[in-house]
Structures are given as C-alpha cells and as structure tokens.
Amino acid sequence: MHFVPKLALALGAALAPFAGPALAETDPSAIIRIGSLYEPQNLDNTAGAGQGINEAFNDNVYEALFRLNDDGSVVPVLAADHTVSEDGLTHTFTLQDGVTFHSGDPLTAADVKYSIERVLAEGSKSSRKSSLAPIAGIETPDDKTVVITLKSRSISLPYNLSYVWIVNDAATDITATEDGTGPYVLDGWKRGSAISLKAFDGYWGEKPKNSGATISYFTEAAALDNALLTDALDLVTTIQSPDALAQFEDPSRFTISEGNSTVKEIMAYNDRVAPFDNVQVRKALARGIDKAKLLEAIWGDRGMVLGSFVPPTDPWYEDLTGVDAYDPESAKALLAEAGYPDGFTFTLDTPNYDPHPITAEFIKAELAKIGVTVNINIITANEWYTKVYQAKDFQATLQEHVNHRDVVFYGNPDFYWGYNNADVTRLIAEAEEVATEEEHTAKLREANRIIAEEAASNWFFLYPQIVVSAANVTGYPVNGLNSQFFLRGIEKSK
Amino acid sequence: MGRYLLRRTVVLALSLIAAGLVLFVLLRLLPGDPAAALLSVGADEAQIAAARAQVGSDQPVWVQLGRFLSDLARFDLGNSFVSNQPVLPEILARLTITLPLTLASFLLAFCIAVPLGIVAAVRADRWYGALISAVSQLGIAVPVFWIGILLVWLVAIEWRLLPASGFPIDGWADPRAAVRALILPVITIAIVMSASLLRYVRSATLDVLGADYLRNARALGETQGRALIRHGIRNGAVPVVSILGIELASTLLGAVVVERVFTLPGLGSMLLLGIQQRDYPSVQGVLLISTLMVLLIGFAADVVQRLIDPRLRDPGAGR
C-alpha cells in the first residue's frame with residue numbers, strides 16, 4: 001500500500017462538493033461574516049472546547065496529517081507520503097516541505113509526535129482518544145519522518161489522525177491562543193461574542209479565496225436569523241428550524257443549501273434492563289413510531305428518515321428503513337409475543353432543548369396507540385451527561401448524536417446504551433484490523449445489519465444540514481461533517 | 001457619620017460572606033457535574049475520572065468549600081472550569097457592556113419617569129394625567145423580552161436604522177459602533193423600568209400634594225409650582241431614592257434577559273452560560289460581584305437619603 005497524491009488533486013477533491021458556481025467578480029480581500037450557534041468553550045480541542053472549535057479551527061487554523069473532506073473522503077494534508085508495512089503495524093509518514101507554524105517555527109516530526117501525544121495524554125478530553133488506542137509508539141528518525149507503530153492493525157488510522165491537530169511543540173497552553181499551520185491565524189476572540197481569523201501570509205499551500213472571517217456567536221436562533229436578514233452576516237452555518245427558512249426564500253438575496261449532516265436524532269434504550277433487553281420489545285417500539293410523520297412535523301420536507309445509526313456519508317451506509325418499517329399492528333403482536341400484551345410503562349429522559357421535548361411528546365402519543373405509556377422526564381444537557389452517559393441510570397433517552405462514523409459505539413458493551421452482541425463486538429473489532437478499505441466497509445456493513453435487525457436503539461431521522469448565505473457568497477461546505485466549516489474556498493463577489 | 005460608615009462596611013462584608021455561602025450551597029444542590037461540560041459522547045471512564053479530578057468535583061463538598069473560602073479570602077475568584085481562564089478579568093471585560101447598559105437605561109428611565117410621574121400626579125384629574133397612568137400600567141404588564149423583540153423587528157429589520165444584535169468584537173475601540181449596539185437594549189430596559197418608576201414618582205407626588213406643609217406654603221402666598229419645587233421635591237424624593245436603588249440593582253441582574261435577546265456578551269450571558277455548564281467559578285464570580293454592586297447601590301441610596309432628609313441623619317431633628 002503506497003500512495004502519493006498530488007496536492008492539487010487533493011485540494012480539487014476537497015473543493016468539488018462545495019456549493020455554487022464562482023461568480024464573475026469576486027473580492028479576494030473580503031472578510032466573510034459568519035454566524036453560528038456553537039461558541040467554543042476554549043480554543044483547545046483536547047481541553048473540552050466542544051464542537052464549536054471544530055467549526056472554527058479545523059483545517060482553518062490547524063491542519064492535520066489528513067483531512068476529512070466534506071464528501072466523507074479522507075485525503076492527506078500535512079502528510080506528503082504515507083507507507084504501511086506488510087503486517088500493517090508500521091506506518092511511515094513523510095511531512096510536506098516548507099510548512100511553518102503561525103509563530104514562524106518550521107513544522108518538524110517532533111511537532112507531530114507531540115501533537116499525537118497530546119491527544120493520548122492523561123488529561124486529554126478528546127472524544128477520539130480511545131480510537132487512537134492501538135498506537136504503541138511514535139518515532140522520529142529525522143525532521144521530516146514520523147513512524148507510528150501499532151499494537152494491532154488500524155485501517156482507520158488516517159481517518160482518526162484527521163482529528164489530531166498538528167500543534168507547535170513549543171506552544172505550552174493553547175486554550176486561549178493558537179499556533180497551527182493552517183491558512184488562517186487567530187486575530188481576536190471576544191468570549192460570548194466572536195472569533196476573528198485572518199489569512200496567514202506564510203501559508204505553505206494555496207492562498208484562501210478571502211482574506212479572513214469573523215465568526216459571531218449567538219445563543220438565540222432568532223437573533224442569528226435577524227442578523228442575516230439585516231445584512232450583518234454573510235452566512236449562517238446551521239439553521240435550526242424550518243420555520244425560519246421562509247424569511248430567506250428570496251433567491252435574489254439568499255441561497256439556501258441543504259446537505260447531509262451526521263446529526264442523528266435517536267431514542268436510546270438502556271439495553272441492559274428489562275424490558276429493553278428484549279429484542280422483540282425494541283422492534284415493537286421501532287415499528288410503533290411513524291418516523292416519516294415525526295420528521296415532517298419537525299423539519300417539513302427536509303432531512304431523512306433513518307433505518308439505522310449510519311448516515312449516508314459513512315462508507316458503510318445502506319438503506320435499512322425497511323427492517324422495522326412503521327406497522328402498529330405487528331408492533332402490538334410483537335409486544336404480546338414478548339409477554340407484554342397490555343404494554344408497559346417507561347421513563348424517557350428528555351434533554352430540555354429542541355427538538356427533544358417535541359419529539360418526546362410525539363413518541364408518547366404514538367406509543368400510547370400500541371399500549372405503551374411514556375413518562376417524559378425533562379433534564380438539562382449537563383444532567384444528561386452525568387445521569388445517562390456517565391452513571392447509565394436510565395430506561396430510555398432522547399439524544400442527537402453528532403459524530404461521524406460512530407456506529408462503532410455499538411461494539412462497546414460498556415457504552416451508555418449497553419448494547420451487547422458478541423458478533424457485533426467481534427465484527428467491529430475485526431473491521432479495524434483488516435488490510436483494505438473494502439473489507440473494512442464490508443465488516444461494518446455486516447455489523448450494522450445485525451444492529452438494525454436487533455433494533456438496538458430507535459433511530460428516527462438525520463437532521464438536514466442547512467446553510468443560508470447571502471446570494472453573493474459561494475464556495476462553502478454543504479455537509480459540515482464532524483461540525484467542520486472550511487473557510488478557504490468561500491468567495492464573496494462585490 | 002464615621003461610625004455609621006464603619007457599621008455599614010462591616011454589614012457589607014458579612015453580607016458578602018453570607019451570599020457566598022448561600023451561592024456555594026445552592027450551586028452544589030443543582031443536579032449535574034461541572035466535568036460534564038468538558039466531555040463529550042465517546043469519552044471513556046478514565047477521561048471522566050480525570051476531568052472530575054481536574055475540576056475538583058470528585059472531592060467531598062466540605063473540601064470544595066474550604067478551597068472556595070480560602071480562595072475568596074485572597075480575593076481570588078479562580079479560573080473557569082470550561083475556558084480555563086481567570087474569572088475576574090472576564091467579569092471586568094463584560095462589565096464594560098453591562099454597566100453602560102444598566103446606567104444608560106437607568107438615566108433614560110429616570111428622565112422619562114420623574115417629569116411624567118409628577119405631571120400624572122399634579123394633573124391626575126386631566127385626561128393626559130390619566131393617560132400617563134394607564135400607559136405606565138401597560139408598561140409594567142408587558143414582558144421586557146417582548147418589547148425587545150418588537151423593537152428589533154421594527155427598528156432593525158423593517159427600518160434598518162440600528163443593528164439587530166451583537167456588540168463590536170473590539171469593544172469600545174469604535175465608540176460609535178458600540179453606542180449603536182446599545183441603543184435598542186437601553187430603550188428596551190428603559191421602557192419597562194420607567195413604567196414602574198413612574199408609578200412610584202406619581203404616588204410620592206400625590207402624598208406630597210396632600211401634605212400640610214404644602215398647604216401652608218400656598219397659604220403664605222407661594223404658587224403651587226413654586227411650593228412643589230421648594231418643598232415638595234425634597235420630601236417626595238426620599239421614598240423615590242430607595243426605590244431607585246432597588247430598581248438599579250434589579251436592572252443590573254435583569255440585564256440577563258435583554259442581553260440574551262440582543263446577543264450582548266455582558267455579565268448576564270456569562271451567568272446564564274455558567275449555570276448551564278455548572279461552571280461554578282464563573283457563576284460564583286458573577287454573582288459575588290453583582291451582590292457587591294447591589295450592596296454598594298443600596299449603601300449609596302442610603303447615603304443620598306440621609307443627605308436629603310436631615311431627620312435620617314439625626315433622629316432628634318425635625319421633632
């Protein structure tokens with residue numbers, strides 16, 4: 001296995017799925033004014049900064065050895081060359097030439113080693129820490145070469161490395177500053193208000209198509225929409241409710257783009273406890289809810305109904321909506337077979353923010369029709385994490401899962417939902433240790449079919465990823481995988 | 001006066017300590033864990049344990065209390081659990097928005113309420129006196145966020161006169177932009193505040209109008225207007241000043257709602273976010289500083305009252 005893609009090719013692939021044709025007279029000096037609801041809590045993605053930091057910094061301020069493109073493909077960025085030994089346990093990376101950090105320090109292999117070790121360090125809060133667990137050691141034979149040795153094969157290593165920012169090893173604390181290699185430098189951060197980025201003069205790659213961006217943060221979706229309406233913003237990264245879209249339906253002023261997000265609205269059961277340890281009960285509840293109607297109620301004609309936890313941008317996606325299609329009669333029959341002819345009662349821990357409360361009401365009404373009673377228990381996001389995720393003290397819960405390629409959570413019996421199927425655990429572990437992408441995809445597809453057949457959770461719908469921009473702004477990513485929002489291709493015409 | 005000041009200072013310090021203790025207990029009674037704000041789905045047991053150790057939520061409450069009190073004694077409000085930045089500079093930075101917002105709203109409300117309140121009282125029998133009372137009643141009934149939303153729609157979206165929300169990223173570097181950002185929030189607060197203030201001014205004036213000394217002044221040949229200005233305002237001001245103190249203090253804390261409607265990065269939005277994230281140092285810091293300000297405002301109102309009314313300075317006077 002050996003590949004040396006041309007940088008131009010990689011960039012071409014990166015930009016291909018971006019929206020809109022380039023307009024004639026673009027303004028390379030433009031500062032793009034962006035509105036977002038996700039303010040980072042700090043600036044370090046290993047220090048609990050939240051999803052907002054991926055949006056602001058991934059591939060903008062920090063680059064990684066690889067990048068997860070907007071179409072789901074993984075391409076090399078700071079890695080000019082990547083070779084894998086015959087046994088798959090030794091990965092050798094050669095770094096791009098001429099890369100400097102924003103502070104002026106040149107990029108060396110030591111920086112890469114330091115950056116990976118930051119994610120693996122004891123205090124690291126990175127959600128990707130466990131996926132890098134196969135790493136046994138990192139060697140730097142010279143300034144341009146990094147050798148990673150593994151305990152076991154890891155086909156997803158390049159993908160997982162796309163989450164590892166390459167940070168200057170001289171930078172000690174990056175919770176309020178930065179030192180990356182990306183096309184933008186941090187120009188200012190006013191907490192509670194905005195982050196401003198400006199183009200980095202010493203950038204090693206192709207120059208961005210704008211001279212910077214200001215990302216303003218909002219807590220109220222209505223205020224965000226108003227800012228775009230009054231031309232105080234050029235674009236908003238996510239529209240939260242379809243009702244808001246009506247105000248932007250003038251094509252001479254605005255462009256609405258709809259992409260595939262990775263945000264999945266699901267009802268997770270605690271599969272360890274009765275009655276949810278019973279596959280028939282879970283299948284009955286899957287068949288008892290009209291997901292198309294739920295999606296319609298929340299998102300109108302946008303978004304898509306899910307038949308499993310896997311969205312279309314994961315390579316192992318397939319349409320499994322037919323496995324437990326809406327069928328209240330067979331739901332009742334399954335409940336009777338499972339020993340619950342008169343239904344049962346359970347408590348649904350429901351986060352207090354949209355769209356969970358309205359989803360909970362819908363489910364309550366739907367399940368009442370098959371004799372199941374739902375007690376809705378409203379909790380805060382913080383309580384969800386401590387009560388449900390950490391203490392696993394729940395019967396069923398609603399949650400939006402935002403991660404990309406996260407079906408692997410079903411391979412971990414200790415995960416909060418406690419799904420435990422030996423075949424699935426084995427398949428997901430094996431999938432990581434195969435030699436080719438094809439085998440990887442095939443194994444995960446097989447695992448996902450079992451997970452869907454057993455209705456491990458109740459997967460409702462995939463959020464649409466809706467970006468609205470002023471009509472003179474083009475070139476932004478439409479899918480926003482992993483909450484990323486690449487700025488370098490955004491053009492604003494005069 | 002010296003003994004009075006000393007006594008007030010001691011009361012102030014004791015109030016602050018009491019407020020700190022109440023805050024500490026109330027925050028820990030909330031379900032949840034500050035460590036959760038640092039973690040996301042995918043974190044494993046070891047990461048959760050490490051995060052709890054970092055914020056200290058793995059320690060017994062009395063250990064946390066000891067740490068809190070010893071920090072407080074050194075005037076150290078600590079570092080935010082989530083941003084890892086010291087809390088005090090952040091509060092001071094946010095005060096550059098919340099203080100001008102509060103004071104400007106207060107002044108505007110004062111300028112609206114005092115003349116209109118006096119007119120409403122003196123001309124209570126005329127149609128416009130009644131109208132002022134009725135409109136102020138309406139102003140009290142309407143929620144502040146509704147007025148904010150209405151103003152945004154009208155002034156920012158329909159007329160495009162002022163920004164709908166936000167504050168310049170470089171703060172007051174461009175004073176014109178900063179002032180423009182604050183105009184609508186100030187008007188929003190002032191409308192609601194002046195409505196309730198007006199009613200106090202009106203009833204204080206009505207009391208004064210019925211007072212014996214005013215009748216005597218008129219009997220000595222002064223006009224109604226002169227008598228009111230010479231004798232009435234001073235007497236009427238005493239109860240109004242204490243209400244002003246309370247109003248100013250509640251506006252400072254009530255800015256939470258208005259800051260949210262207008263996306264202003266002030267103290268209120270810091271408090272709200274801090275509570276959501278169980279970021280104890282941020283919440284404690286904001287509330288302690290605002291408690292301090294409320295106590296100082298009360299203190300100032302008290303001093304002003306004593307300056308106006310000699311009976312308060314010396315209980316023997318005026319008898």
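The exercises below, each with a worked solution, concern a predicted model.

**Exercise 1. Describe the make-up and extent of chain B.**

Start with the secondary structure. Chain B has twelve helices and zero strands, and read from the N terminus its elements run α-α-α-α-α-α-α-α-α-α-α-α. Next take the extent: along the principal axes, the C-alpha atoms of chain B fill a box of roughly 85 × 55 × 35 Å. Then take burial, where 37% of the 319 residues of chain B count as buried. Finally, consider the contacts in chain B with a separation of 6 or more: residues 24 or more positions apart account for 69% of them.

**Exercise 2. Classify the packing of helix 4 of chain B against helix 5 of chain B, and state which residues meet.**

Two packed helices are described by the angle between their axes and the distance between the axes. Helix 4 (residues 87–122) and helix 5 (residues 127–141) of chain B pack at about 130°, and their axes are 8 Å apart. Helix 4 of chain B is therefore oblique to helix 5 of chain B, since an angle over 145 degrees would be needed for roughly antiparallel. The crossing of these two helices is left-handed. On the side of helix 4 of chain B, the residues are B:Leu116, B:Val119 and B:Ala120; they meet B:Gly129, B:Ile132 and B:Ser133 in helix 5 of chain B. Sorted by class, this contact has four nonpolar, two polar and no charged residues.

**Exercise 3. Is B:Gly245 buried or exposed, and which residues does it touch?**

First locate the residue: B:Gly245 is in helix 9 (residues 224–261) of chain B. Then apply the cut-off, by which a residue with 20 or more other C-beta atoms within 10 Å is buried. B:Gly245 has 20 such atoms, so B:Gly245 is buried. Not counting residues up to four places away in sequence, B:Gly245 touches B:Ile297, B:Gly298, B:Ala300 and B:Ala301. As for B:Val208, 37 residues apart from B:Gly245 along the chain, the two C-alpha atoms are separated by 21 Å.

**Exercise 4. Describe the side of chain A that touches chain B.**

Count the residues: 39 of chain A are in contact with 41 of chain B. Among the elements of chain A that each supply at least two residues to this side are strand 9 (184–190), helix 5 (221–229) and helix 10 (381–390). Helix 10 of chain A has the largest share, six residues. By class, the side of chain A that touches chain B divides into ten nonpolar, 22 polar and seven charged residues.

Definitions and conventions:
Residues are numbered from 1 along each chain as its sequence is written. Chains are lettered from A and ligands numbered from 1 in the order in which they are written. This is a predicted model: local features need pLDDT of at least 70, side-chain atom pairs count only at pLDDT 80 or more; totals for chains, interfaces and linings use all residues. Axes are lines fitted to C-alpha atoms, for helices over the stretch in contact, and angles run from 0 to 180 degrees between N-to-C directions. Helices (H or I, at least four residues) and strands (E, at least two) are DSSP runs, numbered from the N terminus. Angles under 35 degrees count as roughly parallel, over 145 as roughly antiparallel, 65 to 115 as roughly perpendicular and the rest as oblique. A crossing is left-handed if the near helix is turned anticlockwise from the far one by less than a right angle, and right-handed if clockwise. Two residues are in contact if their C-beta atoms, placed from the backbone, lie within 7 Å. Ala, Val, Leu, Ile, Met, Phe, Trp, Tyr, Cys and Pro count as nonpolar, Asp, Glu, Lys and Arg as charged, and the others, Gly among them, as polar. A residue is buried if 20 or more other C-beta atoms lie within 10 Å of its own, exposed if 12 or fewer, and partly exposed in between; C-beta atoms are placed from the backbone.
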